[in-house]
Amino acid sequence: MKIEIIKCLQDNYSYLIIDNKNKYACVVDPGESYPIINFIENKGIKLRYILNTHHHYDHIGGNLELKNKYGSKIVAFEDDKDRIPGVDILVKDNQVWKVDDFEAKIYHTPGHTSGHIAFHFFNEKKIFTGDTLFSLGCGRIFEGTFEQMFNSLNKIKKLPKETEIYCGHEYTLQNSNFCIQNDPKNIKLKDKITKIKKKLDNGLPTIPTILNEEIECNIFLKAKNIETFTKLRNLKDNS
Ligand code: ZN
Ligand code: FE
């Protein structure tokens, strides 16, 4: 299983999950279609599934064009069936979605939106977190409560430490500024920031990040209780 990172729109990431055996692929959150089409054309890749973490347009904008062109099936959370046009397969919290050689556990992670989910490819130790968990940050709370977001992040935090995190946006550098302001003595964070800057200077994504590093460096994952988490989230929203 190979992951290709595809830049979409301003700062979105979409991901292709390719099974090298049969060239079947899933795409996660195609914010637009043409970067995906450009990547897969002439490579014999068969785009079987479109996986959506949530209904925001920057994550589903390419859905229908891809579905029409390749006959792909759209997979999304059951509660979002009326706001993700063309959805084919509805999944539930804690369900294992298994088809072809793809196998992922679904985690309902409300907070950013009420129907947000993460796709955990547990065999490969990779999770697609959309706008719930970013590298060194977390999503804004639009539809949920602070408590829901805190609990959603805690679900992800419990996964194996070596899990690779693939999130919805390249926000890592901006996020790192907020983390270091509030956690100025964190040596591991300083090391991570050096690595991040090097990657960006070379035109590379800072994604994937590793859960272990996020637990040590991401101020939102370091928050021990809802009060601290709420304070930090408010502070960041107003910064
Ligand atoms: Zn969003
Ligand atoms: Fe987004």
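Colleague: Why are H5 and H6 called roughly antiparallel to each other?

Modeller: This is a predicted model. In it, helix H5 (residues 172-182) and helix H6 (residues 187-201) pack at an angle of about 160°. Angles over 145 degrees count as roughly antiparallel. H5 and H6 are therefore roughly antiparallel. Their axes lie 10 Å apart, and H5 passes H6 in a left-handed crossing.

Colleague: Which residues make the contact?

Modeller: From H5 come Thr172, Leu173, Ser176, Cys179 and Ile180. H6 brings Leu189, Lys190, Ile193, Ile196, Lys197 and Leu200.

Colleague: What makes up this contact, by class?

Modeller: It has seven nonpolar, two polar and two charged residues. Leu, Ile and Cys count as nonpolar, and Lys as charged.

Colleague: What makes a set of residues a nonpolar core?

Modeller: Its members are buried and joined through side-chain atoms within 4.5 Å. Buried means under 20% relative accessible area. The largest such core here has 26 residues. Leu153, Phe220 and Phe229 have the most contacts inside it.

Colleague: Which helices supply at least two residues of this core each?

Modeller: H4 (146-157), H5, H6, H7 (211-217), H8 (219-222) and H9 (226-237) each do. The largest share, four residues, comes from H4.

Colleague: What is phenylalanine 220 in contact with, leaving aside its neighbours within four places in sequence?

Modeller: Its partners are Gly137, Cys138, Leu153, Phe178, Phe229, Leu232, Arg233 and Lys236.

Colleague: How many residues are in the second, separate core?

Modeller: That core has 23 residues, including Ile17, Val75, Cys167 and Ile207.

Key
Residues are numbered from 1 along each chain as its sequence is written. Chains are lettered from A and ligands numbered from 1 in the order in which they are written. This is a predicted model: local features need pLDDT of at least 70, side-chain atom pairs count only at pLDDT 80 or more; totals for chains, interfaces and linings use all residues. Side-chain values use heavy atoms; hydrogens and water are left out. Axes are lines fitted to C-alpha atoms, for helices over the stretch in contact, and angles run from 0 to 180 degrees between N-to-C directions. Angles under 35 degrees count as roughly parallel, over 145 as roughly antiparallel, 65 to 115 as roughly perpendicular and the rest as oblique. A crossing is left-handed if the near helix is turned anticlockwise from the far one by less than a right angle, and right-handed if clockwise. Contact means heavy atoms within 4.5 Å. Buried means under 20% relative accessible area, exposed over 50%, partly exposed in between (1.4 Å probe, protein chains only).
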